[in-house]
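Here is a short report on one protein chain. Have the structure open as you read.

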Amino acid sequence: MPDFEAEPLVDPHPALGWGKRAFDLAVSGALLLLLSPLLALVSVIILAGLGRPILFRQMRPGLHGRPFPILKFRTMSDRRGQDGDLLPDDRRLGRLGRMLRMTSLDELPELLNVLRGDMSLVGPRPLLMQYLPLYSNEQRRRHLVRPGLTGLAQVNGRNAISWHEKFVLDVRYVDEWSPLLDLRILAATFAKVIMRQGISHSDHATAPKFQGNGDDR
């Protein structure tokens, strides 16, 4: 894991606190109970359409860059080329997987991550471990809070905006965090899902890989 303390980070919310965590526990627990029939239905559909495993697990950087296993519903097949290697992501993401991503249903198992304390309901999205050494010192500040199920970048374009714009919004969230901001982001997320926009925006079900700060895609 990269040295996350090459330059000390200053936490703008040293007591970000028990209130946010208590809210996460209450809401994620209630949602898991309320949505259990939907979770079961999606599991059956994935089992029938893609087979096992139903859940996708991958290590992601959490608070202060510490890795944790993120949980999502599986969206890709195991299709392989003639050489036996897995096909590129866009060729393994079929209609079912695209639907799950566009509606954000694939994100629902992350409520378990919230319940466990790996994530928060709201915060910068957990990206890939290999991105850590590519961040600027300013961009690394996104890890001063727990990653979120949804965030400021997600309700302002998500995969339809550039990496630079995403990181600006992530750091803005860290600096401007308040309970009211969390509620506004959750309300905006709910509205987009209800309007069937998901939080992926249009055809952008996947994002290009972050190549470093010379990459503005």
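Arg172 has a relative accessible area of 42%, so it is partly exposed. This is a predicted model. Buried would need a value under 20%, and exposed a value over 50%.

Glu176 and Arg172 form a salt bridge. Their closest N and O atoms are 3.3 Å apart. Both residues belong to helix 7, which covers residues 163-176. They are four residues apart there, so about one helical turn separates them.

## Other salt bridges

Side chains of opposite charge can pair when their charged atoms come close. The structure holds nine salt bridges. One of them joins Glu107 and Arg125, with 2.9 Å between the closest N and O atoms. This pair links distant parts of the chain, 18 residues apart. Glu107 sits in the loop between helix 4 (95-102) and helix 5 (110-116). Arg125 sits in the loop between strand 3 and helix 6.

Are Glu107 and Arg125 buried or exposed? Glu107 is buried, because its relative accessibility is 4%. Arg125 has a relative accessible area of 7%, so it is buried too. Glu107 and Arg125 also belong to a network of salt bridges with Lys72 and Glu110.

Glu138 and Arg141 make another salt bridge. Here the closest N and O atoms are 3.5 Å apart. Glu138 is partly exposed at 46% relative accessibility. Arg141 is buried, with a relative accessible area of 15%.

## Aromatic pairs

A pair of aromatic rings is described by the distance of the centres and the angle of the planes. The count here is seven aromatic pairs. Tyr131 and Phe210 form one of them. Their rings are 5.7 Å apart, centre to centre. Edge-to-face requires an angle over 60 degrees.

What does the pair of Tyr131 and Phe210 tie together? Tyr131 lies in the loop between strand 3 (120-122) and helix 6 (137-140). Phe210 lies in the segment after helix 8 (179-194). The pair therefore ties together parts that are 79 residues apart in sequence. Tyr131 and Phe210 are both buried.

Phe210 also pairs with Tyr135. This pair is tilted, at 6.1 Å centre to centre and 35° between the planes. Tyr135 is in the loop between strand 3 and helix 6, 75 residues from Phe210. Tyr135 is buried, because its relative accessibility is 7%. For Phe210 the value is 3%, so it counts as buried.

## The ring cluster and a charge

Ring pairs link Tyr131, Tyr135, Trp163, Phe167 and Phe210 into a cluster. Lys166 places its charged end over the ring of Trp163. The distance to the ring centre is 4.1 Å.

## The hairpin

Strand 1 (residues 55-61) pairs with strand 2 (residues 67-73). The pairing is antiparallel and runs over seven bridges. Arg57 has Leu71 in strand 2 as its bridge partner. The two strands form a hairpin, with five residues between them. In the turn, His64 has a positive phi of about 60°.

## A nonpolar patch

Which residues make the nonpolar surface patch? Phe23, Leu180 and Leu183 do, over about 270 Å². Leu183 is found in helix 8. Leu183 is partly exposed, with a relative accessible area of 46%.

How values were computed: Residues numbered from 1 in each chain as written. Predicted model: local features only at pLDDT ≥ 70, side-chain atom pairs only at ≥ 80, totals over all residues. Heavy atoms only, no water. Phe/Tyr/Trp six-rings, centres within 6.5 Å; stacked < 30°, edge-to-face > 60°. Buried < 20%, exposed > 50% of the residue type's maximum accessible area, 1.4 Å probe, protein only. Lys NZ or Arg CZ within 6 Å of the ring centre and 35° of its normal. Patch = residues over 30% accessible without salt bridge, like charges linked within 9 Å, V, L, I, M, F, W, Y side chains within 5 Å. Areas by Shrake-Rupley, 256 points an atom, 1.4 Å probe, with all protein chains shown as cover. Salt bridge = Lys/Arg side-chain N within 4 Å of Asp/Glu carboxyl O. Pairing = 2+ DSSP bridges.
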